[in-house]
Amino acid sequence: MPEPTKKDETPNGQPEVWSLGEGQAPEDLDKPIDNPPLSTLLIESPQSATVPVGGDITFVAKVEAKDLLRKPTIKWFKGKWMDLASKTGKHLQLKETFDRLTKIHTFEMHIIKAKDNYAGNYRCEVTYKDKFDSCSFDLEVKEVEQSSGPNIDIRSAFKRSSEGQEDAGELDFSGLLKHREPKQQDDAPEVDVWEILKNARPDQYEKIAFMYGITDLRGLLKRMKKIPKEEKKSEAFAKKLDPAYQVDKGGKIRLVVDLADPTVELKWFKNGQEIRPTPNQRKYIFEHKGTQRIMVINNCTMNDDAAYSVAAGDEKCTTELFVKELPIKIVKGIEAVKTTVNERIELECEVSEEGAQVKWMKNGVEVPTGVRSRYRVKSEGTKHFLVIDDASREDTGTFSVMATGGTSEAHVQVDLKPLKVFQDLQDMTVKLGQPIKLQCEISPGNVPGRWYRNGQLIQPNDRINIIHRNRIHRLEIETSSLHDAGDYTFVPEGYSQSLSAKVHIIDPPRVHLESLNFPDNTVTIVAGNKLRLEIPISGEPAPRVVWMKGERVILESGHRVRAETYGDQTSLTIEVTEREDSGNYKIVLQNEAGEDTASVKIKVVDIPDPPEAPLVPVVGGDWCSMTWEPPKYDGGSPILGYFIERKKKQSSRWMRLNFDLIKEQSFEPKKMIEGVPYEVRIFAVNAIGVSKPSEPSKAFTPLAVTSEPTMLVVDDVTDTTVTVKWRPPETIGAAGLDGYLVEYCIEGTNDWIVSNKELTEKTKYTIPGLTPGCKILVRVKAINAAGASSPRTLQHSVLVKEVIEPPKIRVPRHLKQTYTRKVGEAVNLVVPFLGKPRPKVTWLKEDKPIEPTHVSIRNTDCDSIIFIRKAERSHSGKYEMTVQVENHVDTAVLDIQIVDLPGPPLSVTIEDVWGGNVALVWTPPKDNGNAPITGYTIQKADKKTMEWYTCIEHYHRTCITITELVVGNEYFFRIFSENMCGLSETATQTKKSALIVKEGMQLKTPEYSDHDFKEAPKFTQPLINTFAVAGYNTTLNCSVRANPRPKVIWMKNKITIIDDPRYRMFSNQGVCTLEIRKPSPYDGGMYTCKAINDLGEAQVDCKLEVKGGFTFFELMQRGVPLHLIDKYMNEAKTVEQEK
C-alpha cells in the first residue's frame, strides 16, 4: 500500500484545499472492473489500496523519459467520466517531479482526509504523441470495525425488499431473528458466501452475487468495505515507526521503534543509504532504552527531508520525515520618500533572518536588478537595500518588498526642481546667408529642452546645430535662408515655462532664370497653344514685378496676354499664341533692398504650309516615280521629312505609303494594280507636326509589259529549218498578251531578223529558209499593249544540220532479270529505245535470227514489241536486241524462261523397315520442267484398300523416314515431284511393299558419317544494275549461301555504309536487301554487297543511276547542253511509263 505523505503548504503557511465532489457515479458501482492493459509508458503503476475514513493516501505513477523529447501528459479519473484535474483543492492535490539523474517523471495524487464516498475505481492515463498507456486501481475507505455473526444468512439478508423501503440493502435484524426459528433445511450443502467474496477479485462480485441470488449488490459492496482486513503481526517490531514525522527547520527529531527481540541487530537507512554513526559529528545520535531504539537528528535542514527506514533482521519498517521551513518575517518595513530628480534614493528594510531572499516590487511588478539596470540591491546581515543613484520622474510609484512571512510597501515621490532663467533669448535681424545664433542660460543645468520655430520642432542636421553645455542652451544655423525667419521658442523638458525670440531675414530681389533650363533663355511654343511661363524670384520683402515687351508694359488685367506675380515667382500667360508673339520680354524687380532685371526670348513655331501638287514623270507596271518641291513656309522649324499617300481615282480613301519620314524630294510608290488610275499627294513634317495635304497629282494608270517567255528550247533541226518551242511568260499583267515575236541572227553578228511578220499566238514556231551549215541564235519576245517584253534567248547557238542521236535501249526493270512464263501462256514484251534518225532494230536468239513463224516482232520509232501467242519450252533462251543509227549501236539481252510441270522421280526404294518406321530413298526426276525442283509430296497406301494418304508435302530432301505406321499392315509408297508450276502429273511407286511386324525384332542400324555442311560465302543471285527515280524509294537485292551465317556489309563507291538513316539493310533466309529512301542524283554510284565468314568471303557489285529530280528550266539554268537535256527528259519519261 502506498505510504501516506505530508500535506503541501503554500508560501503563506496555509494548506491548499481541494474537493473531490460526490465521488464515483452510482451507476459505475455495478459495472465490472476492466483489467488494465499492458503498460508501454508507465514503469510504475498505482496500486489498489485501503485507507481509513479521515486518513491520507498517495498514489504514485512513474514514466521513464529517456526516449521522450518533452514531458508526457497525465490525467487522473474517478470512474469513467470524472476528470480530477478540476477537483484539486482541500482534499485532492496533484504533484509532478522530474529526476534529472534517473530521467524519470514522477506523478503523485494525494488524497487528504478521505471520506466514504471517495471509495471506488480510479484510472491514470499517460499520453505522449501517438503513444498511450493507462492503469486502473481501486480505493477502499474503511469505517469503524464491525463484525457480522457467522450464522447470518447473507443471501437472505441482501435480498432487496419488494416494498422499496429506504432501509433496503441494509442488514434486516428483525429478519435475522426470524431466521433463528426452526425451519426446514434445504438438502443443498452449506456455502460460506463471505469467504468466497473475501477471496474473490472485485470484478467478480457481481457474478458471485448473481450466482447465489443476492439482488442488493450496492448494499453488499458497502458491507464488504466495512469488513476489516486482518493485518499480519510483526515478529521483530513490537511498535513500528509512525507513518510520518514533521520538524521545523533547525530543530531536532526523535525516531523511536520498540523491538520484540532486543538482541536483533538494527540498521537505520536514509533514502536507502545506511546511516553510520561518526565520532566527530553530532548530527545523528543513536540511543538504546530497553527494547526501544532511538535515532535523534539534530539541527534539521532541508537535506534531512527524506524517507527513513529501520531494518531488524528480515523485517523493515519505513517512515517519512518532513522538514518545515519557517517563514521569513519583515522586522522593519520601508519608509516613504519624497525627493527631486537627479537625487539618490535608498529604501531599507530589515528581516528576521540573515541570508534570507526578498523580492523588490514597483507598482506590483518586480524591479529589474541586472547589470544595466538603474536599480541596485544590496544586503548587510538582516538588512536589505534598494538604491536608485539618479532619480527621475519615472521612479514615482509604490515600492514594496516581499518575504515569505510578510510584505512591506511605501510610496516614492520624485518632483522637478524649480526653473531659473539667467539669460533670455534676444530678437535679431540677419541678412540672407549669414549665420544665426540663439542662446539662453537656465538652471538646473542638466535639464534638456527642445527648440521650436513657428510651433514646429527643430531637429539637428548638417546645417542646424543644437548645443547643451551645463546651463547654456544654444541654437546655431550656419547659413540662414528665408525659411529660417520666424518665432523661435525654447521649452525646457518637464516645465511649462518657455523662452521666445523673433528672427527677421532680409534679401535683395533677384530673377532666377537658370532654373528654367532653356538654352539662351529662349522659350519655344507651338502656335495656338497656351503659354504660361513661370519664373522663380526672390527678395525680402517681396519685390514689385514689371513685365515689358519693347516699350510696352504688360498689365495683370490683360485679356490674351497678362502678367501675374504671387509668392516667390512671377508668370507670363498668353492664352492663344500667335506668330506675332515672338520677341524679347523684359522683367524688372524692385524692393527697398535693390533692383534686378532679366530678359526672356519667346519663339512661336507652327506646322509648315502644304507643298505643291507632286509630279509623276514615269509610270511602270505596278510602280511610278514622283517628285515635288518643299513648302514655301517651314513653320519656323526645319522640315524633317515627308509623308506620301495614294488612292484610286474612283475611291475617297487615302492610304499612307510610308511610316518612316522620307528625307528626299522623290519617291517610287509600288504594289499598284495595273490598269487602275491612281492619284498621290504629299504631307510636309517638321518638329511641330504634319502640314495639311498638298493638292493631288494628275491621275495616272500603271501598265506593264509581260515577263519574258520561259523554257525556250530547240525542238527540231533540219538542213534548212530550226523549230523552237517555249512556254508563256510567268507574268502577263493587266494588258494581256497579244502574241509572240521570233527573231534570229547569224552567230557573230548583232543583226536580229524578225522571222514572223505577224505575231504568233502559238508557243512553237519553225524558222524557214536557213542556210545549211550556218549557226544561228534565236530569241522570242512577248507583245502586249504596254510593249514588248524582255527577250528570251537560247543560251547556245544552233547548227542548221540534221542531228544524229545515238541509240539507247531502255530495258524495263522487270526484263533485266529472267522473264519466266508457264507453258501455254502468252508472252508480250515492249522494249523502248531512243535514237535519231529512226534506228534499225534486229533480234537474235542464241546468235541466230528469229523465225517469224515462232515469234512475232513489231518495231516502231521508239520501241520494239516481241509477241508469242502460246509459249512453249522451246521458246526459252536469251534474246538479243540490237538498235543501230548509222555507226552507233546499242544492244540488250532478254532471258526468257518457259517452265512446265516436272516429271516424277526416277525410282523409289524402301531402304529399311523397323518397328513402325519405314526409310525411303529416291532419285530426282529426269525432267525438272525447266525450273528447279522445290519439293516432293510423299503418300502411303495400305495394301488391303490401296487408298492413298499424304504423309508430308513440300519436302526438299531425297530420303525420308515415315513413322507411326500401324503394326500388322503392309504399305506401298509413292512420291510426286514439285516445282514452281506445281506437282508432277504422275508419281513413282515403290515396287515392293513394307510389312510392319510386331516389336521384338532387332534392328541393325547402319553407321553413317556426319556430313560437313560448312561452306564459304557464295552469291547465288548477283546484284543487277538499276535505274532509280529521284524521290522514290528503291531497293538492291541479292542472295548468298554460306555456313556458318556470314556477316553482310554494304558499300557505296567502296566506302562502307554505317549508321546512315537514308539506308535500311535487311537479311532474311540468305536474301540481302538494301533500301535507299527517296534517292537523289547524289545517291547514284557503284554499290557492293560483301559476305564474310570463317571460310572466306565473296562480293557482288552493281551500278545505280538516279534519274529525275530537276525540271527543264533548272537544267537550262545550270548550263546543260540541249541534247543532254532532251536525252535526260526522255529517260525520265520512259521511267514514268514503266512505273
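A residue is called buried at under 20% relative accessible area, exposed at over 50%, and partly exposed in between, as found with a 1.4 Å probe on protein chains only. The model is predicted, so local features need pLDDT of at least 70 and side-chain atom pairs count only at pLDDT 80 or more, while totals for chains, interfaces and linings use all residues. Residues are numbered from 1 along each chain as its sequence is written, and side-chain values use heavy atoms, with hydrogens and water left out.

By the buried criterion, W922 is buried, with a relative accessible area of 3%. Y936 is buried as well, at 4%. Y955 also counts as buried.

Strands are DSSP runs of E of at least two residues, numbered from the N terminus, and two of them pair if DSSP finds at least two bridges between them. An open sheet is formed by three strands in the order β69-β70-β73, with antiparallel pairing. β69 (908-914) and β73 (959-962) stand at the edges; each has a single partner strand, so one side of each is left without a neighbour in the sheet. On average, neighbouring strands of this sheet are turned by 20° against each other, direction ignored; the axes are lines fitted to C-alpha atoms. Four bridges connect β70 (residues 917-922) with β73 in the antiparallel sense, and L920 has I960 in β73 as its bridge partner.

Elsewhere, strand β45 (residues 615-619) runs antiparallel to strand β46 (residues 624-627), and three bridges join them. The two are connected by a hairpin through four residues. L615 stands opposite T627 in β46.

A pair of aromatic rings is described by the distance of the centres and the angle of the planes. Rings of Phe, Tyr and Trp (its six-membered ring) pair if their centres lie within 6.5 Å; planes under 30 degrees apart count as stacked, over 60 as edge-to-face and the rest as tilted. The structure holds 12 aromatic pairs. One of them is the edge-to-face pair of W922 and Y936, at 5.5 Å centre to centre and 70° between the planes. This pair links distant parts of the chain, since W922 lies in strand β70 and Y936 in strand β71 (residues 935-942), 14 residues apart. The rings of W922 and Y955 have centres 6.3 Å apart and planes at 55°, so this pair is tilted. One aromatic cluster is formed by F59, W76, Y122 and F137.

How values were computed
Axes are lines fitted to C-alpha atoms, for helices over the stretch in contact, and angles run from 0 to 180 degrees between N-to-C directions.
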